[in-house]
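Biologist: I have the sequence and the model up on my screen. Can we go through the contacts one topic at a time?

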Amino acid sequence: MSDSAILQIQKLGFPWETADPFLFCVHHDDAYPKGNGRFGPDASLAGRNIGQDFGRKDGWSMYHGQQVPGFPSHPHRGFETVTIVRKGLTDHSDSLGAAARFGGGDVQWLTAGKGIVHSEMFPLLATDKANPLELFQIWLNLPARSKMCEPHFTMLWAEDIPHRFFESSDGAVTEVAVIAGRLEGAHTKADPAAVDVAEPLAPPPDSWASQADADVAIWTLRMEPGARWTLPPAANAAARRKLYFFQGHSVSVAGETITQHAAIELRAASAVELANSGSDVVEFLMLQGRPIGEPVAQYGPFVMNTEAELKQAFDDYRRTEFGGWPWPDSAPVHGPENVRFARHANGRVETLSDAGDGRAVMRNLVPADVAEAGGDEVASSAVLTENNARGMQ
């Protein structure tokens with residue numbers, strides 16, 4: 001492959017292999033059953049390693065959740081999490097007092113910086129039907145100068161994320177969701193010379209992605225059967241680019257047929273033709289960025305540059321708990337309403353309708369326990385609090 005646009009092909013594992021500036025990427029795709037009315041699955045949890053359930057028994061996992069699937073409160077320092085929720089809902093709570101419920105293509109971008117504690121729970125709201133969940137969580141490193149920046153919570157709502165649709169000669173469509181990184185490309189078959197530019201929403205201010213020469217891009221691609229599209233070259237030839245083929249049976253990348261799900265490392269400076277010659281839809285996640293090129297010292301939820309900084313992170317967390325946890329339980333869930341919202345640390349509230357037809361600041365639609373929070377403690381869902389007290393499993 002010395003002259004090929006393809007540098008390496010690896011079979012997808014768990015988690016997915018990443019390259020600097022990315023640290024981690026995982027794809028959760030859970031076929032949760034109907035809910036039990038308490039935000040958990042209406043199914044027996046027997047045979048699961050509750051608290052450490054990653055086995056995908058019956059097609060889903062509880063992860064670290066005891067009663068509700070998800071990841072109860074845990075700390076981070078020195079990097080960012082980018083969470084793309086394609087199906088289902090995620091409830092976020094953090095040590096800044098911020099909270100959110102998001103899904104259906106929404107993206108949460110969280111800069112941990114000098115330290116934050118957060119939880120990510122997956123409430124199963126539907127009690128009369130299945131509750132499928134699909135999301136990506138991506139860890140993006142921070143350079144040394146930004147590792148101790150102030151934490152920052154950002155929501156990129158699905159309605160605002162640019163999507164571009166590229167037609168092949170036979171009308172088959174490639175859809176690109178531009179989460180980060182500017183995209184230029186021909187827009188329609190009627191005028192293939194026309195250049196359409198998709199400008200992404202702004203990343204957090206201290207992110208590596210906020211540096212123009214870092215050339216960070218996070219795109220998802222969906223190709224209909226018969227679709228062909230040329231992935232444009234990166235703006236910075238020094239960037240590293242990985243294309244994750246995770247849905248569909250086969251695809252052609254730079255003329256090479258790939259028939260198993262794979263992480264495909266590409267030459268960033270090359271334009272790469274993608275073709276779906278199969279009978280089903282194929283999908284990709286693309287991660288790209290110029291390497292930070294600094295030493296990485298990582299242990300669990302902390303990512304620093306040196307072992308001494310890593311030790312300091314643990315010492316600081318033991319001493320300060322990064323500001324403490326203002327919620328009365330470790331796994332808050334934000335009520336039964338199917339409403340997407342974000343309550344920021346400064347009190348600003350955003351609420352979106354489930355239908356995605358607009359946004360308004362409407363505190364009455366935010367769960368009362370979140371909207372009315374004040375003082376040193378934020379109440380979580382009364383139902384979950386009651387369940388915890390009763391020890392329900």
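Biologist: How many bridges join strand S18 to S21, and which way do the two run, parallel or antiparallel?
Modeller: Two bridges join S18, residues 251–253, to S21, and the strands run antiparallel. Keep in mind that this is a predicted model.

Biologist: Which residue stands opposite Ala275 in S21?
Modeller: Ser252 stands opposite Ala275.

Biologist: And how many bridges join S16 to S21?
Modeller: Four bridges join S16 (residues 228–231) to S21 (residues 272–275), and that pairing is antiparallel. In it, Trp229 stands opposite Leu274 of S21.

Biologist: Switching to rings. How many aromatic pairs does a search of the whole structure find?
Modeller: The search finds 20 aromatic pairs. One of them is Phe302 with Phe314: the ring centres are 4.7 Å apart and the planes sit at 80°, so the pair is edge-to-face.

Biologist: Where do Phe302 and Phe314 lie in the chain?
Modeller: Phe302 is in strand S24 (residues 302–304) and Phe314 is in helix H1 (residues 307–320). They are 12 residues apart, and the pair links distant parts of the chain.

Biologist: Is Phe302 buried or exposed?
Modeller: Phe302 is buried, at a relative accessible area of 1%. Phe314 is partly exposed, with 25%.

Biologist: What about the rings of Phe302 and Phe322, how far apart are their centres?
Modeller: Their centres are 5.9 Å apart. The planes are at 65°, over the 60 degrees needed, so this pair counts as edge-to-face. Phe322 sits in the loop between H1 and strand S25 (340–343), 20 residues from Phe302 in S24. Both Phe302 and Phe322 are buried.

Biologist: Which residues do the ring pairs link into a cluster there?
Modeller: The cluster consists of Tyr299, Phe302, Phe314, Tyr317 and Phe322.

Biologist: Helix H1 again. Which side chains meet in a salt bridge with Asp315 and Lys311 in it, and how far apart are N and O?
Modeller: Asp315 and Lys311 meet each other, with 3.0 Å from N to O. Both lie in helix H1, four residues apart, about one turn of the helix. Asp315 is partly exposed at 24% relative accessible area, and Lys311 counts as exposed at 53%.

Biologist: How many salt bridges does the structure hold?
Modeller: The structure holds 21 salt bridges. Among them is Asp91 with Arg101, whose closest N and O atoms are 2.7 Å apart. Asp91 belongs to strand S5 (residues 89–94) and Arg101 to strand S6 (residues 99–103), so the pair ties together parts that are 10 residues apart in sequence.

Biologist: Is Asp91 buried or exposed?
Modeller: Asp91 counts as buried, at 0% relative accessibility. Arg101 is buried as well, with a relative accessible area of 1%.

Biologist: And which residue does Glu199 meet in a salt bridge?
Modeller: Glu199 meets Arg182, at 2.7 Å from N to O. Glu199 is in the loop between strands S14 and S15, and Arg182 is in the loop between S12 and S13, so the pair ties together parts 17 residues apart in sequence. Glu199 counts as partly exposed at 47% relative accessibility, and Arg182 also counts as partly exposed, at 44%.

Biologist: Which residues are linked in a network of salt bridges?
Modeller: Arg48, Asp53, Lys57 and Asp58 are linked in one. Arg48 also lies over the face of Trp60, 3.5 Å from the ring centre.

Biologist: Now Phe122. Where is its place?
Modeller: Phe122 is in the loop between strand S8 (116–121) and strand S9 (131–141). It is buried, with a relative accessible area of 3%.

Biologist: What is Phe122 in contact with, leaving aside neighbours within four places in sequence?
Modeller: Its contacts include Tyr32, Phe39, Tyr63, Phe71, Leu89, Thr90 and Leu135. Thr90 is 32 residues away along the chain, and the C-alpha atoms of Phe122 and Thr90 are separated by 4.8 Å.

Biologist: Last topic, cysteines. What does the count of disulfides come to?
Modeller: The count comes to zero disulfides. Cys25 counts as buried, at 0% relative accessibility. Cys149 is buried too, with a relative accessible area of 10%.

Definitions and conventions:
Residues are numbered from 1 along each chain as its sequence is written. This is a predicted model: local features need pLDDT of at least 70, side-chain atom pairs count only at pLDDT 80 or more; totals for chains, interfaces and linings use all residues. Side-chain values use heavy atoms; hydrogens and water are left out. Rings of Phe, Tyr and Trp (its six-membered ring) pair if their centres lie within 6.5 Å; planes under 30 degrees apart count as stacked, over 60 as edge-to-face and the rest as tilted. Buried means under 20% relative accessible area, exposed over 50%, partly exposed in between (1.4 Å probe, protein chains only). A charge sits over a ring if NZ of Lys or CZ of Arg is within 6 Å of the ring centre and within 35 degrees of the ring normal. Contact means heavy atoms within 4.5 Å. Two strands pair if DSSP finds at least two bridges between them. A disulfide is a pair of cysteine sulfur atoms within 2.5 Å. A salt bridge is a side-chain nitrogen of Lys or Arg within 4 Å of a carboxyl oxygen of Asp or Glu.
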